[in-house]
Amino acid sequence: MTVNLDDEDSRASLTAEEFDRTWIEAHVAEERRSAAFLGDIREAIFGIQDGLVSTVAVASTVAGATADKYAILVAAIAAGLAGMFSMAAGEYLSSKSQREIFEAQIAGERDEVVNRPGEAQAEVAYMFEEDGLPPAEAAEVAGIVSRHPAVLLRTMVEKELSLHVEEHAGSPMQGALIMGGAFGIGALVPILPYLLLPTPEAIWASLIATGVVLFTVGVAKARWTRRSPLRSGVEILAIGALAGVVGYFFGNILPPLLGAPAVGV
């Protein structure tokens, strides 16, 4: 009987020996590509959300203090550019530092595998016991793994250090470009209304446009988080709305506190 391996229900009835090795290889590769893609999606969503919320907060704060469109645009654009480069630089440096730390930790485990293989095997056996294997079976599995140093090293790195060696992970520069670019795209949304409309109308248009995009991003995010699209959208929208309202509020109270009259809009 021919089994359709692309159908989950059909695969559920198969034993491990019945799976075609070529199909398994392709399936695992696809799942790894999907995991890497989701990592990029996470960075993009975070960048867009931050660009939207931080920029609308700055624009609303300045708009609450003055009706001068030029001042609002300068502040919002400066905040957007600063945030874009800051996010990109931060992502690059953090990813690079994390990779270097991981490499140093892995080097320590590699030294143990090469120079103290018995210790490494004993540690792996203990960790398999922690996972729930009986002591005898844990020792047997650890013995098999220890006959292959590369497998022993990967097992120690993943189980002892809780590090996942991502051979196909993107470079720090790729992450920086995604984060910075996404932040810049998000920052454009609350800025554009001030370029196209008079200040009073631009304030509301900026808040509404930002809210719509935030809600859309939240709904889209639910596709990967498997949460309720409505709940996800409302959650992000509420955070953005709070930032805008608080910003506008402080923009109205700061001028008098600083000795300058607030300008009505």
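Reader: Why is E112 called buried?

Author: The relative accessibility of E112 is 5%. Buried means under 20% relative accessible area, exposed over 50%, and partly exposed in between, with a 1.4 Å probe and protein chains only. E112 therefore counts as buried. The model is predicted, local features need pLDDT of at least 70, side-chain atom pairs count only at pLDDT 80 or more, and totals for chains, interfaces and linings use all residues. Residues are numbered from 1 along each chain as its sequence is written, and side-chain values use heavy atoms, with hydrogens and water left out.

Reader: Where is E112 placed, and which residues does E112 touch?

Author: E112 lies in helix α3, residues 69–115; helices (H or I, at least four residues) and strands (E, at least two) are DSSP runs, numbered from the N terminus. Leaving aside residues up to four places away in sequence, E112 touches P117, E119, A120, E123 and M156. Contact means heavy atoms within 4.5 Å.

Reader: What makes the span of helix α4 close to the expected one?

Author: Helix α4 (residues 117–130) has 14 residues and reaches 20 Å from its first C-alpha to its last. The expected span is 1.5 Å times one less than the number of residues, and for α4 the expected value is 20 Å.

Reader: Which residues of α4 are buried, and what puts them on the same side?

Author: The buried residues of α4 are A120, V124, A125, M127 and F128. They cover an arc of only 165° around the axis, so they lie on the same side of α4; the arc is that of the directions from the helix axis to the C-beta atoms. An α-helix has 3.6 residues a turn, so residues three or four places apart point the same way. The buried residues of α4 pack against α3, α5 (135–146) and α6 (149–160), whereas the face turned away carries the exposed residues Y126 and E130.

Reader: Why is L195 called partly exposed?

Author: The relative accessible area of L195 is 49%, a value in the range between the limits for buried and exposed. L195 is therefore partly exposed. This residue belongs to helix α7, residues 172–196.

Reader: Which residues form the nonpolar patch on the surface?

Author: L188, L192, L195, L196 and L197 form the patch, with about 480 Å² of accessible area together. Accessible areas come from the Shrake-Rupley method with a 1.4 Å probe, and for residues only the protein chains shown count as cover. Like charges are joined within 9 Å, and nonpolar side chains (Val, Leu, Ile, Met, Phe, Trp, Tyr) within 5 Å.

Technical notes:
Patches are made of residues with over 30% relative accessible area and no salt bridge: like charges are joined within 9 Å, nonpolar side chains (Val, Leu, Ile, Met, Phe, Trp, Tyr) within 5 Å. A salt bridge is a side-chain nitrogen of Lys or Arg within 4 Å of a carboxyl oxygen of Asp or Glu.
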